[in-house]
Amino acid sequence: MKKVDYKVTDPKGMHARPAGIISSTAKQFASVIRVACGSEEADMKKLLPLMGLTVRQNDVLHITIEGADEAEAAAAVEASLKECF
């Protein structure tokens, strides 16, 4: 299992554009990719639940990745988070 923690720096927090990019990135991998923020959790491959998370500036996303391609998925997810936020 790989874990990635990422602090959101975008003043708008989670909104449609970053959620779409992150979801598209996650869908490229076979691994199960979950994200938690506070008490909320979502499948990173599903756009609407991802957008539904209450993510604000300075919140920390806790991402867990499990599967055969978890190392590659972790690197790609972290890169997409840096691109979005």
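**Close-ups of a predicted model**

Met51 counts as partly exposed because its relative accessibility is 34% (buried is under 20% relative accessible area, exposed over 50%, partly exposed in between, with a 1.4 Å probe and protein chains only). This is a predicted model, where local features need pLDDT of at least 70 and side-chain atom pairs pLDDT 80 or more, while totals for chains, interfaces and linings use all residues. Residues are numbered from 1 along each chain as its sequence is written, and side-chain values use heavy atoms, leaving out hydrogens and water.

**View 1. A nonpolar patch on the surface includes Met51.** Met51 sits in helix α2, residues 47–52 (helices are DSSP runs of H or I, at least four residues; strands are runs of E, at least two; both are numbered from the N terminus).

**View 2. Strand β4 has one covered and one uncovered face.** On the covered side of β4 (residues 60–66) are Leu61, Ile63 and Ile65; Val60, His62, Thr64 and Glu66 make up the uncovered side.

**View 3. Strand β4 pairs with both β1 and β2.** Strand β1 (residues 2–7) runs antiparallel to β4 over 6 bridges (pairing takes at least two DSSP bridges), with Lys2 opposite Ile65. Strand β2 (residues 32–37) is also antiparallel to β4, over 5 bridges, and here Ala36 stands opposite His62.

View 4. The whole structure has 0 disulfides (a disulfide is a pair of cysteine sulfur atoms within 2.5 Å). Cys37 is in none, with the nearest cysteine sulfur, that of Cys84, 15 Å away. Cys37 counts as buried because its relative accessibility is 6%; Cys84 is buried too, at 4%.

How values were computed: Patch = residues over 30% accessible without salt bridge, like charges linked within 9 Å, V, L, I, M, F, W, Y side chains within 5 Å. Areas by Shrake-Rupley, 256 points an atom, 1.4 Å probe, with all protein chains shown as cover. Salt bridge = Lys/Arg side-chain N within 4 Å of Asp/Glu carboxyl O.
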